[in-house]
Structure formats: structure tokens, C-alpha cells
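Here's a quick briefing to read alongside the sequence and the fold. Have a look at both, then dig into the points below.

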Amino acid sequence: MVTNNLPEHYNDIDKIYDEIWERLIDGKKNRNSELHQCYVATNSDKFPALRTVVLRHVSQENLSIGFHTDKRSNKINEILEDSNVSVLFYDHEHKIQIRINGQAEVNHNNDSTAAIWSNIRSFSKKCYLIEKAPGTQSEIPTSGYPPQFENILPSDAELEAGYENFTYINIQIESIEWLYLHKDGHRRALFNFTDNNINKQWITP
Ligand SMILES: Cc1cc2nc3c(=O)[nH]c(=O)nc-3n(C[C@H](O)[C@H](O)[C@H](O)COP(=O)(O)O)c2cc1C
């Protein structure tokens, strides 16, 4: 609720914490939320590597978020080399930036991926049928799909081949930084997680 044009969380760090999880949970469920997408940064050879992904998992209890990807994509090797990742969200309408640091874990062909795969829509499963690894150079413009699947949705049996490429990246959160923009003064707060403790700290915006 907004009082005097200031949201209730403006000067209340506990409310900010609750707000973060509410917005992330809504971001996962609601494809119209500005937090449905996020930007994941990995450490790479020379430059940091950044990409947009869809937020697919949020757990306040386990302090984790996650996304789906292709096992053959560059980000997998980067995560296997260095599991430290940063994830950025920005909700333009509500003027909220959320920055998450954590440890990424690659899940492939295990109980987690089997459970997730069984709930993925066919349209999304098709992405995992591209023939060559994402990022492979091509002499021609390409979708990457095998010619027989170019403009159709493959059958359920055909889509199953994508499971081999399907990967779930789980991020164990170590810290969350909040930034709220307001004309009367911004607010910024940092939440650090250590051994079941949450350290809540205001910081200068
Ligand atoms: C709106 C949007 C959503 C995307 N969602 C995902 C996603 O959930 N998983 C994914 O692997 N790539 C997703 N992509 C593509 C990635 O941004 C990226 O191009 C691709 O994963 C290759 O990244 P990499 O070479 O750094 O591994 C998305 C792109 C856009 C624009």
C-alpha cells in the first residue's frame, strides 16, 4: 500500500525483504511481470558474459532461484569453470532493481530435471531439439531446428529427444541487493545469507 506516495517498505527493511520474495514469486508465475526475465552474468575468459533468461524457479525457503537452458550452451562451461554468478532484475513500473549473487549448480539428467521436464510445455521443449550447439557459427541464416521440424510442433515422442540437452541451473543465493528509486530519495538495502542467518543492512543508494 502507498501512503503519502511512499510505499510501506520505504523505511522498513523487513518489509523490503518480504517484498523481494513476493515480487520474485510473482515474476516466476506471471509472464507479464517485469521480473519474469532476468539477466545472468557468468565469469568468462576475457569479458563477463551476460544473457537474458526466464525465471523458472523461486524458493524463499531454500534461498534459491533457477532457470532452464541447453546443456551445450556457452554458459554451462562458464559455470562449470566458476560457479559464481550474478543475476539482475529491473521492474521499471515499480522502480525496483534486485541484484542477486550466488552459486550456480548444473542439473542434467537427474531427478530434478526429470521432474521439471515432465511439466514443460511442448512449445518450450522444442527449443532443445536444435541440431548444433547454441552459438555455433552458420553459413546461412538458421533457426537451428532439423528441417522436418522447421515450422511445426514435433510430436510428444519426437520432443523427448530434447531431454538430452535440457538443463536446469539452480542458483543458491548468497546475497540480495535491493534498490528502490524515488524522487524524494532512493533506498538501498543488502541481505546477506550465512549459516541460516540473514544479515539485513541499509546502504547508501
Ligand atoms: C526474453 C528472452 C528470454 C530468454 N530465455 C532464455 C532461457 O530461459 N534460457 C536460455 O538458456 N536462454 C534464454 N534466452 C537466450 C539467451 O539470452 C542467450 O542468447 C542464450 O542462452 C545463449 O547464451 P550463452 O551463449 O551465453 O550460453 C532468452 C533470450 C531472451 C531475449
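Are Trp-117 and Tyr-128 buried or exposed? Both of them are buried. Keep in mind that this is a predicted model. The notes below start with that ring pair and move on to other rings, the cores and one histidine.

**Aromatic pairs**
- Trp-117 and Tyr-128 have ring centres 6.0 Å apart and planes at 70 degrees; planes over 60 degrees apart count as edge-to-face, so that's what this pair is.
- In total, the count is 9 aromatic pairs.
- Another of them is Tyr-17 with Phe-193, a tilted pair at 6.3 Å centre to centre and 50 degrees between the planes.
- Tyr-17 comes from helix 1 and Phe-193 from strand 10, so this pair ties together parts 176 residues apart in sequence.
- Tyr-17 is buried at 6% relative accessibility, and Phe-193 is buried too, at 10% relative accessible area.
- Tyr-17 and Phe-193 also belong to a cluster, linked by ring pairs, that takes in Trp-21 and Phe-191.

**Charges over rings**
- Lys-126 places its charged end over the ring of Tyr-145, 4.2 Å from the ring's centre.
- Arg-187 does something like it with Tyr-10, lying over the ring face at 4.0 Å from the centre.

**Nonpolar cores**
- The largest nonpolar core has 34 residues, and Leu-24, Phe-89, Ile-98 and Phe-191 touch the most other members.
- Elements giving two or more residues to this core include helix 1 (13-29), helix 2 (74-81), strand 8 (96-108) and strand 9 (166-180).
- Apart from this core lies another one, of 5 residues, among them Ile-120, Tyr-128, Tyr-163 and Phe-166.
- Looking past its neighbours within four places in sequence, Ile-98 has contacts that include Ile-20, Leu-24, Leu-35, Phe-89, Ile-176 and Trp-178.

**Around His-57**
- His-57 is found in strand 5 (residues 57-59) and is partly exposed, with a relative accessible area of 23%.
- Its side chain makes a 3.0 Å polar contact with the side chain of Ser-64.
- Not counting residues up to four places away in sequence, His-57 touches Lys-28, Ser-64, Ile-65, Gly-66, Tyr-168 and Asn-170.
- Gly-27 is 30 residues from His-57 in sequence, and their C-alpha atoms are 9.6 Å apart in space.

Note on methods. Residues are numbered from 1 along each chain as its sequence is written. This is a predicted model: local features need pLDDT of at least 70, side-chain atom pairs count only at pLDDT 80 or more; totals for chains, interfaces and linings use all residues. Side-chain values use heavy atoms; hydrogens and water are left out. A nonpolar core is a set of buried Ala, Val, Leu, Ile, Met, Phe, Trp, Tyr and Cys residues joined through side-chain atoms within 4.5 Å. Buried means under 20% relative accessible area, exposed over 50%, partly exposed in between (1.4 Å probe, protein chains only). Helices (H or I, at least four residues) and strands (E, at least two) are DSSP runs, numbered from the N terminus. Contact means heavy atoms within 4.5 Å. A polar contact is a pair of N or O atoms within 3.5 Å; within protein, one must be able to donate a hydrogen and the other to accept it, and residues adjacent in sequence count only if both atoms are side-chain atoms. Rings of Phe, Tyr and Trp (its six-membered ring) pair if their centres lie within 6.5 Å; planes under 30 degrees apart count as stacked, over 60 as edge-to-face and the rest as tilted. A charge sits over a ring if NZ of Lys or CZ of Arg is within 6 Å of the ring centre and within 35 degrees of the ring normal.
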